[in-house]
Amino acid sequence: MRIVAVHIAPGRKIPTRSVDTVTAEAGKGLVGDRYHGTRHRHVTIQSRELLERAAADLGHPIDPGATRRNLTVDTGEIPTRPGTRLRVNDVELEVVRVSAPCRLLDDWIGPGAARALHQRGGSVCRVLTSGPIRVGDDLQVVPAD
């Protein structure tokens, strides 16, 4: 899986901003994002492939930034099992839970968006090791020991 988009937002209900690179800080999250410093919700990840399926159900395209997820990968299913480890360069992430779509997406994207994104919302992860994350980087599932 390759990262095709990175989005951050400095606060709630503030539109996300597309960036080429972001710094992940262990135990804190993405520098500049509204969830930086929270306990577990450090990074959210979604799949463009699943977003396109949701868009087909909805009947119009969905901008990856409109979902308010931080990282968008090009293809594949995003692991949702808690404890699963992911790696982007030197940054190690741990899946905490499924990232359920919020009903506010109906206001931001259009009626039915939350329903179309159900089971396609990706995962919430915590940051275990620090480093940069860039558009174009590979996201890999770390094999279990």
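A residue counts as buried when its relative accessible area is under 20%, as exposed when that area is over 50%, and as partly exposed in between. The figures below show close-up views of a predicted model.

**Figure 1. The fold of the protein is built from three helices and eleven strands.** Read from the N terminus, the order of elements is β-β-β-β-β-α-β-β-β-α-α-β-β-β. The protein has 145 residues, of which 45% are buried. Among the contacts between residues at least 6 apart in sequence, 73% connect residues at least 24 apart. The protein exposes about 7,500 Å², and carbon and sulfur atoms account for 49% of this area.

**Figure 2. The largest nonpolar core of the protein contains 21 residues.** Within this core, I45, L93 and I133 have the most contacts. Two or more residues each are given to the core by β1 (3-8), β3 (21-25), β5 (43-47), β6 (71-73), β7 (85-88), β8 (91-98) and β9 (123-127). Another core, of five residues, lies apart from the largest one, and its members include L51, A54, A55 and I62.

**Figure 3. I133 is shown with the residues that it touches.** Residues up to four places away in sequence are not counted in this view. The partners of I133 are I3, D20, T21, V22, A24, L30, L71, V88 and V91. I133 is also one of the residues with the most contacts inside the largest nonpolar core.

**Figure 4. R34 and D33 form a salt bridge through their side chains.** The distance from N to O is 3.3 Å. R34 has a relative accessibility of 17%, and it therefore counts as buried, the cut-off being under 20%. D33 is likewise buried, with a relative accessible area of 5%. In the whole structure, a search finds seven salt bridges.

**Figure 5. A network of salt bridges links R85, R87, E92, E94 and R126.** Which residues meet E92 in a salt bridge? The side chain of E92 meets that of R85 at 3.1 Å, N to O, and that of R87 at 2.9 Å, N to O. E92 is buried, with a relative accessible area of 12%. R85 counts as partly exposed at 33% relative accessibility, and R87 is partly exposed with a relative accessible area of 29%.

**Figure 6. N89 has a positive phi although it is not a glycine.** The value of this angle is about 55°. N89 is placed in the loop between β7 and β8. Is N89 buried, partly exposed or exposed? Its relative accessible area is 38%, so N89 is partly exposed.

**Figure 7. H7 lies in strand β1.** With a relative accessibility of 8%, H7 counts as buried. Leaving aside residues up to four places away in sequence, H7 touches T16, R17, S18, D63, P64, G65, R69 and N70.

Definitions and conventions: Residues are numbered from 1 along each chain as its sequence is written. This is a predicted model: local features need pLDDT of at least 70, side-chain atom pairs count only at pLDDT 80 or more; totals for chains, interfaces and linings use all residues. Side-chain values use heavy atoms; hydrogens and water are left out. Helices (H or I, at least four residues) and strands (E, at least two) are DSSP runs, numbered from the N terminus. Buried means under 20% relative accessible area, exposed over 50%, partly exposed in between (1.4 Å probe, protein chains only). Contact means heavy atoms within 4.5 Å. Accessible areas come from the Shrake-Rupley method with a 1.4 Å probe; for residues, only the protein chains shown count as cover. A nonpolar core is a set of buried Ala, Val, Leu, Ile, Met, Phe, Trp, Tyr and Cys residues joined through side-chain atoms within 4.5 Å. A salt bridge is a side-chain nitrogen of Lys or Arg within 4 Å of a carboxyl oxygen of Asp or Glu.
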